[in-house]
Amino acid sequence: MELVGRQAQLDLLAGLLSESRSRGSAVLVRGPAGIGKTALLDEAAVLAEARGYRVLRTSGVEAERDIPYAGLQLLLRPLAAGTPELAAAHRQALDAVQGHAEADIPDVFLVGLAALNLIADAAALAPVLVLADDVQWLDDATVSILAFMARRVGTEPVVMVGAARDGYRSRLNPDEMTTVLLEPLSADEATVLLADRVPHLRPTAHRRLLAAAAGNPLALTELSSAVGTADPQFAEIPLTERLERAFTDRLRTLPEATRSLLQVAALDDASSLPEVYRATAVFTGAAVGAAALEPAVRARLVEVVGTELRFGHPLMRSAIEQAMAADVRHAAHAAFAAVLGGQPDRQVRHRAATGIPDESVADALQDAARRAARRGGIAAAVTALEQAAALSEDAGRRAERLLLAADFAAELGRPETVTRLLDRALTCRLSRQQHARAVWLRGACDEGLHSHSSGALSLTALAQEMAAEEPALALRILWSAAQLCFWSDPGPEVRREVLAAVERMVTDDLDPWRLAICAYAAPIERGAYVLNRARDVVLREGDDGRAYRMLSTAALLAGGFGLARAFSEAGGAGLRAQGRLGLLARTVGADAWSALVAGDLGAAIVATEESRRLARETSQTMMYALMTATAAKLAALRGEEDEALLLAEEAEEIGLPVGARPVLATAAMARGLAAAGQGRFEEAYGHFRRLHDPADPAFQVALRLTTLGDLVDAATHCGRTAAVLPVVAELEAVAELTPAPALHADLRVARAVVAADGDAEPLFEAALGTDLSALPLVRARTHLAFGEWLRRRRRSVESREHLRTARDMFDALGAIPWGERARRELRAAGETSRGRTPDVHDRLTPHELQIVRLAADGLTNREIGERLYLSHRTVSSHLHRIFPKLGVVSRTELRTVVGALCRCTVT
């Protein structure tokens, strides 16, 4: 269809095509049915091909939206020859997706990276235009991969353009694709189009058609025959319904054999003309062929492309289906089921379409759901299980299928679907085990903060009830209770209950579940136990990374930040290889927090950026908020106050309504550090003091142990030393129970800072005499505090050595405001101090810094891409821009620059 008056949209696409040789982009076009989205994509394809682009197309079909990767298969089919060039894991993933292999697909993101690399390799030969029409009907797995690629094509010669109908959830977020609204034609444009298509309309009909079509190009052409005979109420009917009526009116003029063939075709989920012929023969009891199809082709209702039968517009398919009587529709589905004996998943979908309870069909749907889940089609598994539940004759099996569907929906991060499925399950008579799963699943999408009204205590009781008959489920429920102890504050009694439960249920001292639950429930009381046992854990070969993730967070909460980082690194490798980015977000997040407390700000910046991005991609809202607050804390340490406050505010907007204490605690730390970095110590004291007030929502029992040094520093600079003495005394008692290195290091410097003049110096010396190599930020802060103390006692010469050391360490670590503070103190002590030399962290973004560190470690571009879920060509583009920023021309020089920085960081 010619698209009149769309020059602005075409100009936009032309601009994107021109820019794509230097940077990629992604656009989603939205508009009502018939507004011309497909025509716009056709124009874009013609324009792109004229400019030497390779065009890849896919399109959503309503009947195929529950077939995992159906859209992706169509998109990648022209690139099949490039598959052998991919890495083995990516090649195997695509083979499995396309049905060439029976291997399970570990995660949709692994398929996404494989598809991205395949398209990027093609784009190295000629720029690529990816077109996706009717996105609202694409299967969830394909949409997830389109979103994955849209976030990563910024440095590729790739343009992605999707089109979606208004009134449907696009499932592509604004941060993935720029949204362009396709406006109706103007009155003049509509008049020109109508005159071109229907030149002999009477003026009255012409006016009525213009009014009825409301600028919709499809309506202008399809309603022309209906306008002359429409009753006075016709204009009041919604436009989509008017169009559907127009299509069904045309259907009635066709021969009976043609109508039957189109009725069957409207229910096909593969657009296969041979299948349509065979199913129509079963449906009518008589053979049909091209002769029966020809009238529909002449009426422009369908077209034949190779062996595919395509409707002229998706509304034609839906109009025909809706006009079918129920018994006719059921008979057509049965006809398809009869000819699809070799395709069990498609066959069962047609068998299920009758809606009549049948346990054999429900069983087949449940089997199809399992197969879909193994291929990464989690959304399709949810749909199949929900259908299976509806067809279940047995109430117990119906409930079981709804609970399985809710479990998969929780994995997708769709709390509204989980709630709907659980509400339906609860109308059945549930067993004790099923009821326990339902209660547990209520909080599976949000760390339990919204959904568990009675919180960790009820979950603990539930876990103990299930321990004998379902130990694995009981442990998962207890793990949720322990996580609630982290995200909220259930109080000491509840923590003791959780602790007692895990010690009864898991007797193996080296079991990762036991250690993690102990750390979450009682990070102080069981800190020594967790750290001592965790060092001795030997995981079984083939661990999927989950145990390492649990051990890393257990060590973090117990204060063993070095051990936490070791576990994070070990677990992250397996999770990256499998594409399990949801768990990877949490594992990398543990590394980020540990690196931050330890003072390795470069590593913390890199890990925080990655964890935050992955949490957003995998719909982990609270984890995203926590890592946003962590990014705020890093920005504050770097002296980027505006950025720190913006990030803290974003995190608080998510965490405050549900009382997510780790989020609020970390945001308060960021605000305190931002104020302290600018010398506003009274304000800083107020923020840090919140972390030690049990009545404050920012109080978190484990995380506050890392903030004593900041609190005491702010207090002594604003004349509130006496006010923090009770906190110091309280944490002295806590230190009797836990070996947490950061707490003990902070206590040593705090004792010196708050001590009387006669006692302070030996305490400072004792603090510096301790091995602080694993906590360079604490060591730098101790030198600064000692230097300040000496200078204020008029011992300027002695103070200079400590202040110089503090300056150099803060500069190397990247804690810029504290380095400047040391310089000011040096000037006051009579010594001119050189300015700080910008380092790698100042010149690079967090994402670039991550790539640089991996390149400096000797990884190839392809290996870096596999690790970061980027195409190797994107990595190459980043390095091409990074080298001039750092003044290097080779990887050898890059290793020297990064190596020097890392040595300074750990000095």
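This is a predicted model: local features need pLDDT of at least 70, side-chain atom pairs count only at pLDDT 80 or more; totals for chains, interfaces and linings use all residues.
Where is aspartate 134 found? I looked there to start, and found aspartate 134 in the loop between β3 (128-133) and α6 (140-150).

**Entry 1**

I checked the backbone of aspartate 134 and read a phi near 50°, a positive value in a residue that is not glycine.

Arginine 300 sits in the loop between α14 (290-298) and β6 (302-305). Here the relative accessible area is 59%, so arginine 300 is exposed.

**Entry 1: the whole chain**

I stepped back for the overall picture. I counted 47 helices and 7 strands in the protein. Of the 907 residues, 58% are buried. I also looked at contacts between residues at least 6 apart in sequence, and 68% of these join residues at least 24 apart.

**Entry 2: aspartate 591**

I picked aspartate 591 next, and placed it in helix α30 (residues 581-598). Its relative accessibility is 17%, so aspartate 591 counts as buried; the cut-off I held it against is 20%. Which residues does aspartate 591 touch, not counting those up to four places away in sequence? I found Arg565, Ser568 and Ala607. With arginine 565 there is a polar contact, side chain to side chain, of 3.1 Å. I also took the C-alpha to C-alpha distance from aspartate 591 to serine 611: the two are 9.3 Å apart in space and 20 residues apart in sequence.

**Entry 3: helix α38 and its partners**

I moved on to helix α38 (residues 741-754), which has 14 residues. From its first C-alpha to its last α38 reaches 20 Å, close to the 20 Å expected at 1.5 Å a residue. Its buried residues are Ala742, Leu743, Ala745, Asp746, Leu747, Val749, Ala750 and Ala752. What do the buried residues of α38 pack against? I listed α29 (561-578), α30, α36 (708-717), α37 (721-735), α39 (757-769) and α40 (776-792). The α30 in that list is the helix that holds aspartate 591.

I took a closer look at the pairing with α36. The axes of α36 and α38 are 9 Å apart, at an angle of about 15°. The two helices are therefore roughly parallel to each other, and α36 passes α38 in a left-handed crossing. On the α36 side I noted Leu708, Gly709, Val712 and Thr716, which meet Asp746, Leu747, Ala750, Val753 and Val754 in α38.

**Entry 4: helices α33 and α34**

I wanted another helix pair to set beside that one. The axes of helix α33 (residues 641-655) and helix α34 (residues 661-677) come within 9 Å and cross at roughly 160°. This pair is therefore roughly antiparallel. The crossing of α33 past α34 is left-handed. From α33 the contact uses Glu641, Ala644, Leu645, Ala648, Glu649, Ala651, Glu652 and Gly655, and from α34 Val663, Leu664, Ala667, Arg671 and Ala674.

**Entry 5: helix α24**

I ran the span check on helix α24 (residues 471-487) as well. Its 17 residues should span 24 Å at 1.5 Å a residue, and the end C-alpha atoms are 24 Å apart, so the two agree. How many of the 17 residues of α24 are buried? I got 14, which leaves α24 mostly covered.

I looked up glutamine 434 in helix α22 (residues 432-441). Glutamine 434 counts as buried because its relative accessibility is 7%. Beyond its neighbours within four places in sequence, glutamine 434 is in contact with Gly396, Ala399, Glu400, Leu403 and Arg429.

My last stop was histidine 878, in helix α46 (residues 872-886). With a relative accessible area of 9%, histidine 878 is buried. Not counting residues up to four places away in sequence, histidine 878 touches Thr155, His847, Glu848 and Ile851.

Methods
Residues are numbered from 1 along each chain as its sequence is written. Side-chain values use heavy atoms; hydrogens and water are left out. Helices (H or I, at least four residues) and strands (E, at least two) are DSSP runs, numbered from the N terminus. Buried means under 20% relative accessible area, exposed over 50%, partly exposed in between (1.4 Å probe, protein chains only). Contact means heavy atoms within 4.5 Å. A polar contact is a pair of N or O atoms within 3.5 Å; within protein, one must be able to donate a hydrogen and the other to accept it, and residues adjacent in sequence count only if both atoms are side-chain atoms. The expected span of a helix is 1.5 Å times one less than its number of residues. Axes are lines fitted to C-alpha atoms, for helices over the stretch in contact, and angles run from 0 to 180 degrees between N-to-C directions. Angles under 35 degrees count as roughly parallel, over 145 as roughly antiparallel, 65 to 115 as roughly perpendicular and the rest as oblique. A crossing is left-handed if the near helix is turned anticlockwise from the far one by less than a right angle, and right-handed if clockwise.
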